[in-house]
Amino acid sequence: MKGRILELLRRSDGYTSGQALSHSLGTSRVSIWKHIRALKDAGYVIEASPRGYRLISSPDLLLPYEFPGLEHRIRYFPEIGSTMDAARELARQGADDGMVVIAESQSRGRGRLGREWLSPRGGIYCTIVLRPRISPVYAPRINLMASIAVATTIRCLYNIDVGLKWPNDVLIRGEKVCGILAEMDAELDRVNFVNLGIGINANAAVPQFETRATSLKATVGRDISRKELLSELLREIDRRTPQLMGPELIEQWRALSETLGKEVSIRTPGGVITGQAIDIDDTGALIIRRPDGALTEAVAGDCIHGLRS
Ligand code: BTN
């Protein structure tokens with residue numbers, strides 16, 4: 001209801017009467033008034049006069065009713081430990097495919113390989129619950145798909161050159177602007193759910209630990225609209241999810257990759273692999289040519305560009 005009230009107020013040039021709102025939305029004027037009060041409490045500035053209501057300004061918050069028209073159920077938290085933990089709990093309780101957990105900030109944000117993900121206000125922190133019908137072997141394709149979706153969205157909205165570092169960092173001029181963390185609950189041949197966590201350095205400049213980092217604000221030179229970015233990103237992910245297993249996914253990743261062709265050093269749980277990154281296979285594993293010419297695959301790990309050790 002709040003989303004629909006906001007939509008009507010945004011569409012009008014001037015005031016919208018309580019009567020018109022209650023008529024359009026099929027509810028009482030008292031109920032409209034209560035929703036307006038709740039919106040004001042959430043930070044919306046809404047002028048009320050005998051002529052009706054007028055929206056003066058909206059808070060810069062990723063509130064669920066800021067995403068009208070999206071198919072996703074949204075759980076919103078002003079502050080949370082980690083959206084990954086909340087999403088895992090909700091997925092275990094049966095949350096639908098596509099449900100999104102969004103937080104304005106995280107006190108225990110998690111990065112890949114057990115690292116911390118600093119999550120102050122101004123960034124975008126979300127986890128999407130996905131229930132793809134694929135073999136667990138292909139689950140890393142979800143990370144590839146998400147990184148392509150983030151890169152495409154940033155490029156379209158801000159006309160910035162964006163690249164990808166294996167497995168799924170999104171880079172602007174070689175600096176990380178977005179990190180992706182996927183956690184899976186699966187049986188040997190069946191995925192129960194994959195929780196796809198996305199952290200974007202939007203308006204907060206966040207130096208993340210593993211690599212040089214940047215933010216969209218620093219790149220674009222102004223605060224960006226987090227609502228616009230997140231709603232476009234969710235739409236982009238929705239467009240790409242049905243083609244998760246298609247051959248074009250790998251092609252698109254190759255086209256955006258800043259890893260392929262480079263000398264890399266990959267820290268894996270089994271040790272460090274160095275050599276030239278030559279391709280990825282259809283499960284997202286990185287194929288590396290070692291200095292002796294032998295080919296090796298890295299399934300997971302930390303990738304450093306341009307190093308020989
Ligand atoms: C990385 O190390 O590059 C992955 C970072 C993933 C961060 C996101 S922010 C939203 C979600 N919640 C978390 O605690 N982590 C992920």
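1. The largest cavity is the space taken by the ligand. Note at the outset that this is a predicted model. The elements giving two or more residues to the shell around the ligand are helix H4 (83–92), strand E5 (124–130), strand E8 (175–187) and strand E9. Of these, E8 gives the most, with four residues.

2. Which residues come nearest to the ligand? There are 21 residues around the ligand, and the nearest are Ser 82, Gln 106, Arg 110, Arg 112 and Lys 176.

3. A polar backbone atom of Arg 110 is 2.7 Å from an oxygen atom of the ligand. For Arg 112, a polar backbone atom is 2.6 Å from a ligand oxygen. Lys 176 takes part through its side chain: an N or O atom there is 2.6 Å from an oxygen atom of the ligand. As for cover, the ligand taken alone exposes 420 Å², and the protein buries 99% of that.

4. Asn 201 sits in the loop between strand E9 (190–200) and helix H6 (216–220). Is Asn 201 buried or exposed? Its relative accessibility is 1%, so Asn 201 counts as buried, the cut-off for buried being under 20%. The side chain of Asn 201 reaches the backbone oxygen of Thr 214, at 3.1 Å.

5. How many aromatic pairs does a search of the whole structure find? The search finds one. The pair is formed by Tyr 44 and Tyr 65, with 6.2 Å from centre to centre and 45° between the planes, and it is tilted. Tyr 44 belongs to the loop between helix H3 (29–41) and strand E1 (45–49), while Tyr 65 belongs to the loop between strand E2 (52–57) and strand E3 (74–77), so the pair ties together parts that are 21 residues apart in sequence. Tyr 44 is buried, its relative accessible area being 2%.

6. Most residues other than glycine have a negative phi, and most peptide bonds are trans. Trp 166 and Pro 167, however, are joined by a cis peptide bond, with omega about 0°. Pro 167 is in the loop between strand E6 (163–165) and strand E7 (169–172).

7. Asn 159 is not a glycine, yet has a positive phi of about 55°. Asn 159 is found in the loop between helix H5 (140–158) and E6. With a relative accessibility of 69%, Asn 159 counts as exposed, since the cut-off for exposed is over 50%.

8. Arg 173 also has a positive phi, near 45°, in a residue other than glycine. Where is Arg 173 found? Arg 173 is in the loop between E7 and E8. At 67% relative accessibility, Arg 173 counts as exposed.

9. Gly 98 is in the loop between H4 and strand E4 (100–103). Its relative accessible area is 11%, so Gly 98 is buried. Gly 98 and Ser 22 are 76 residues apart along the chain, and their C-alpha atoms are separated by 31 Å.

10. Two further residues are partly exposed. Glu 251 is placed in helix H8 (residues 248–256) and has a relative accessible area of 46%, which makes it partly exposed. In sequence Glu 251 and Ile 280 are 29 residues apart; in space they are 9.8 Å apart, C-alpha to C-alpha. Glu 263 is in strand E10 (residues 263–268) and is partly exposed, with a relative accessible area of 26%.

How values were computed:
Residues are numbered from 1 along each chain as its sequence is written. This is a predicted model: local features need pLDDT of at least 70, side-chain atom pairs count only at pLDDT 80 or more; totals for chains, interfaces and linings use all residues. Side-chain values use heavy atoms; hydrogens and water are left out. Buried means under 20% relative accessible area, exposed over 50%, partly exposed in between (1.4 Å probe, protein chains only). A polar contact is a pair of N or O atoms within 3.5 Å; within protein, one must be able to donate a hydrogen and the other to accept it, and residues adjacent in sequence count only if both atoms are side-chain atoms. Rings of Phe, Tyr and Trp (its six-membered ring) pair if their centres lie within 6.5 Å; planes under 30 degrees apart count as stacked, over 60 as edge-to-face and the rest as tilted. A residue is near a molecule or strand if one of its heavy atoms lies within 4 Å of it. Accessible areas come from the Shrake-Rupley method with a 1.4 Å probe; for residues, only the protein chains shown count as cover. On a 1 Å grid over the protein atoms alone, a cavity is a set of points where a 1.4 Å probe fits but cannot get out, and a pocket is an open set with protein on both sides within 12 Å along at least five of seven lines; lining residues have an atom within 4 Å of a point. A molecule sits in a cavity or pocket if more than half of its atoms lie within 2 Å of its grid points.
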